[in-house]
Amino acid sequence: TCESCPAGQIMKMNNISFEFTCAVCPPGHYSTGGTMACTECAVGHYAASYGSSVCQRCAQPRWTSDKGSLYCDSCWARRYLTDSARGSDVEGTWGSEDDKERKHCEPNRVNDTFLGGACCDCPAGATCKIGSTKESMEIEEGYYRHSRTTAQILKCKQPKGCAG
C-alpha cells in the first residue's frame, strides 16, 4: 500500500528498493503533505525549522531578501538594517550629536532574545529601499555623511556642494 506523507514531509523513492519513504523538508521550505517535493518559502516568508508545514510571514518591519529563507534577514522600505540587534547607542550615530540610532529602531526580538540586526527608520536626507543597510542607503542631494558605516546624515551648509 502507498501511504501519503504528513505535512512537513515529502515522498522520496529509495533508488535501491524502489520503495517510497518520507523525508523531512529542510529549513526555508515547507510541504502540505502528500507531495514529492518541498516548496521554497516565498520572499517575505520563512521557515526556521525542519519539517515545516507552512512558511511564516515576516512581521513588519522585517522582510526576507530571498526565497527559501530561514529567518527574516532584512527590512521593509523606508527602513534600514543595522548591524546590532537593538541599534547603536553611540552618540551622533543618527541625525544629530545627541540623537542615538537606538531611538529609531525596532529591535529584532523573539520572545526576550535579541537576534540579528534591528530595523531602523530611514533618516531624513536618505532613501531606504527594501533590504537597505547603513552601507547601501542612498544619500539625497543636499545631504552628506562622513562614512558609509554611519546613519548620521547631515544637511549641507552649501547645498550645491553636496551631490548626495
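1. The count of disulfides, each taken as a pair of cysteine sulfur atoms within 2.5 Å, comes to seven. This is a predicted model, in which local features need pLDDT of at least 70 and side-chain atom pairs count only at pLDDT 80 or more, while totals for chains, interfaces and linings use all residues. Residues are numbered from 1 along each chain as its sequence is written, and side-chain values use heavy atoms, with hydrogens and water left out.

2. One of the disulfides is formed by Cys 5 and Cys 22, whose sulfur atoms lie 2.1 Å apart. Cys 5 belongs to the segment before strand 1 and Cys 22 to strand 2, 17 residues apart; strands here are DSSP runs of E with at least two residues, and helices are runs of H or I with at least four, both numbered from the N terminus. The torsion about this S-S bond is about -100°, so the disulfide is left-handed. Cys 5 has 4% relative accessibility and counts as buried, whereas Cys 22, at 41%, counts as partly exposed (buried means under 20% relative accessible area, exposed over 50%, and partly exposed in between, with a 1.4 Å probe and protein chains only).

3. Strand 2 (residues 20–24), which holds Cys 22, pairs with strand 1 (residues 9–13) in the antiparallel sense over five bridges; pairing requires that DSSP finds at least two bridges between two strands. Gln 9 stands opposite Val 24 in strand 2. The two strands form a hairpin with six residues between them, and in the turn Phe 18 has a positive phi of about 60°.

4. A further disulfide joins Cys 75 to Cys 119, with an S to S distance of 2.0 Å. Cys 75 lies in strand 8 (residues 74–75) and Cys 119 in strand 13, so this pair ties together parts that are 44 residues apart in sequence. Cys 75 is buried, with a relative accessible area of 0%, and Cys 119 is likewise buried at 0%.

5. Three bridges join strand 9 to strand 13 (residues 119–121), and Leu 81 stands opposite Cys 119.

6. For the protein chain overall, the secondary structure comes to zero helices and 17 strands, and 39% of its 164 residues count as buried.
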